[in-house]
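Below are my notes on the model, as numbered points.

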Amino acid sequence: MTYRPFALAERIEDALGDPADEGNVFSVSRCLELDGREEFPEDICAHLDKLGLPRFYVPVGHGGDLDTYENLLQVIRTLSRRDFTVALAHCKTYLGSVATWVAGTPGQAEDLARRVLRGEVVSLALTERDHGSDVLAGRVSATPSGAGYRIDGEKWLINNATRGDLVCVLARTGPRSEARCHSLFLVDKHRLPSGGYHHLPKVRTHGVRGADISGIHFTGAEVPADAMIGEPGAGLEILLKGLQITRTLCGGMSLGMGEHALRFVAGFAERHRMFGRPLIELPQTSRVLAESYADLMVAEAVTLVSTRAIHTLTAEQSVISAVVKYYVPTIVDRAVNRLAKVLGARALLTDGPFQKLQRDHRIVGIFDGNTLVNLNAVVNQFSGLVRGYRRERVDHDGLDVAAGLDLAVPAFEPDRLSLLSRGGCSLVQDLPARTGAAMDAAPEHLGRLRRYADGLHAELARCRPVARDVPPEMFDLARRYAAGYAAAACLRMWADNGLDTLWLRVCLARVLGGRDEAVDRLLPVLRERLDDRRPLSLLAYRSTH
């Protein structure tokens, strides 16, 4: 069996060339050089444009190549595996465009598609200097003026704010007392009157040092009425729906960087000798590498099933996307930090590829809603998750396709996105039946998983809704729910795709805590695949090929 999106990843890798070739425009050495100078990777992004990657930011219905989000995930994963600064800079155009794909008129979508396909850059201007993640407190305003709107105020810490040709801006269009007081505008900077805006200086950052993290200040910027995306006051709703897609796709960033870290450290451990033998053969080193590989496969299981669920469990994405955006960067951060110990004193250097990657990856947990924002999104749906679990409410058709990698996903229907999941989370709610059916395969692990899920939902049922000042223990319950989701993703990926039971045992042990000695059996597979340009993937454990 072949997972078709991997073929796309291989084509992109081939087109990008050897990352170790210093003459390659998109080489590791070139990216390190740019990072050291805090310089934007202009030539690399231009090369990606020539290769046609912007086509994956445009849905097929508007003339692009974005037919399934699995393909866009592989684009993001492949670029992130080579250099995250480039991935963040180039893929940002999809984030800036997603509101138009979700809620724009046909004319707006067609116009934007033409421009993205020409290589124009689209940015999302959401955050402000004094308000951070509290977008409801934003002060940027859009007031009616003539035949359109006048935009005033400053957006800050915005990726591609300076480079962007178009900027999707969240602005206040009503008084704070109104529930729907924000709207979205797709602002074409080339059409703004002289003096209508100015760019803010690039901000020096710990990671992605070469990225255009800057800002934009609007002063009486006149935009036409058709710059508004969706209905007046619907901006926050549209934004949150779009983020359900992009937060899920952020898993691809962590997968790419996690794989880069594992390959780098495992390669070092193969070459470096200690006590007369390769470092990789020492028990402590081999265990760290095997456990990190297992964590990466858990992250992949969560990301793949969740990305396919954008198409098949669309109405549940408010839960799914929040879980992915919290859980995947968190466990990959854990793996990267553990791998750093294998490097020893070399991990303290500041100018190497691993150190750049370690700095860069910390940013994934911050943008598109930080860890607490996403955990809070889960907390807000505790009552619905409990009801769904107790009733074992499962969209079986949608879940089967989400988990079965050889099944074709249906076309994405953005109208099915919802701010709250009325049905709960099918993947977790399938656990009572699924653990029972599979119990003979790994009774100790699956029995523990069933007890974990039952106990967790009993605790969730005792929680009372809290609008503000959420107690810390609720965030801890949300973390535990995310772990239960990850375990459920591993179980379904194993059951639906012919994976080895060894893989299931190891991954459940990594998610739920504890140790399964079978983890050491992952190391030979890892060593076999170190020189393979295909992704380090759970699909290596399929029983048939």
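1. Asp469 is exposed, with a relative accessible area of 75% (buried means under 20% relative accessible area, exposed over 50%, partly exposed in between, with a 1.4 Å probe and protein chains only). Asp469 lies in the loop between helix H16 (443-461) and H17; helices (H or I, at least four residues) and strands (E, at least two) are DSSP runs, numbered from the N terminus. Its phi is positive, about 50°, although Asp469 is not a glycine. For background, most residues other than glycine have a negative phi.

2. On provenance: this is a predicted model, in which local features need pLDDT of at least 70 and side-chain atom pairs count only at pLDDT 80 or more, while totals for chains, interfaces and linings use all residues. Residues are numbered from 1 along each chain as its sequence is written, and side-chain values use heavy atoms, with hydrogens and water left out.

3. Overall figures. The protein has 19 helices and 10 strands. Its C-alpha trace spans about 75 × 60 × 40 Å along the principal axes. Of the 545 residues, 61% are buried. Among contacts between residues at least 6 apart in sequence, 77% join residues at least 24 apart; contact means heavy atoms within 4.5 Å.

4. Helices H17 and H18. How do the axes of H17 and H18 cross? Helix H17 (residues 472-497) and helix H18 (residues 501-512) cross at roughly 180°, and their axes come within 9 Å. Axes are lines fitted to C-alpha atoms, for helices over the stretch in contact, and angles run from 0 to 180 degrees between N-to-C directions. H17 is therefore roughly antiparallel to H18 (angles under 35 degrees count as roughly parallel, over 145 as roughly antiparallel, 65 to 115 as roughly perpendicular and the rest as oblique). On the H17 side the contact includes Ala483, Ala486, Ala487 and Trp494; on the H18 side, Trp503, Leu504, Cys507 and Leu508 are among the residues involved. By class the contact has 13 nonpolar residues, one polar and no charged. Here Ala, Val, Leu, Ile, Met, Phe, Trp, Tyr, Cys and Pro count as nonpolar, Asp, Glu, Lys and Arg as charged, and the others, Gly among them, as polar.

5. Helices H7 and H9. Helix H7 (residues 235-271) packs against helix H9 (residues 317-343) at an angle of about 15°, with the axes 8 Å apart. H7 is thus roughly parallel to H9. The residues in this contact divide into 15 nonpolar, eight polar and two charged. The crossing of H7 past H9 is left-handed (the near helix is turned anticlockwise from the far one by less than a right angle; clockwise would be right-handed).

6. Helices H2 and H10. The axes of helix H2 (residues 28-36) and helix H10 (residues 353-361) are 10 Å apart, at an angle of about 60°. The two helices are therefore oblique to each other, and H2 passes H10 in a left-handed crossing. Val28, Cys31, Leu32 and Asp35 of H2 meet Pro353, Lys356 and Arg359 of H10. This contact of H2 with H10 comprises four nonpolar, no polar and three charged residues.

7. The loop between S6 and S7. Val208 is found in the loop between strand S6 (197-200) and strand S7 (213-224). Is Val208 buried or exposed? Val208 is buried, at a relative accessible area of 1%. Its phi is near 35°, positive in a residue other than glycine. Val203 is placed in the loop between S6 and S7 as well. Leaving aside neighbours within four places in sequence, Val203 is in contact with Trp156, Leu157 and Ile213.

8. Phe218, in strand S7, counts as buried at 1% relative accessibility. Beyond neighbours within four places in sequence, its contacts include Ile151, Val169, Val187, Leu192 and Tyr197. Asp111 is in helix H6 (residues 106-117) and counts as partly exposed at 28% relative accessibility. Asp111 and His62 are 49 residues apart in sequence, with their C-alpha atoms 9.2 Å apart.
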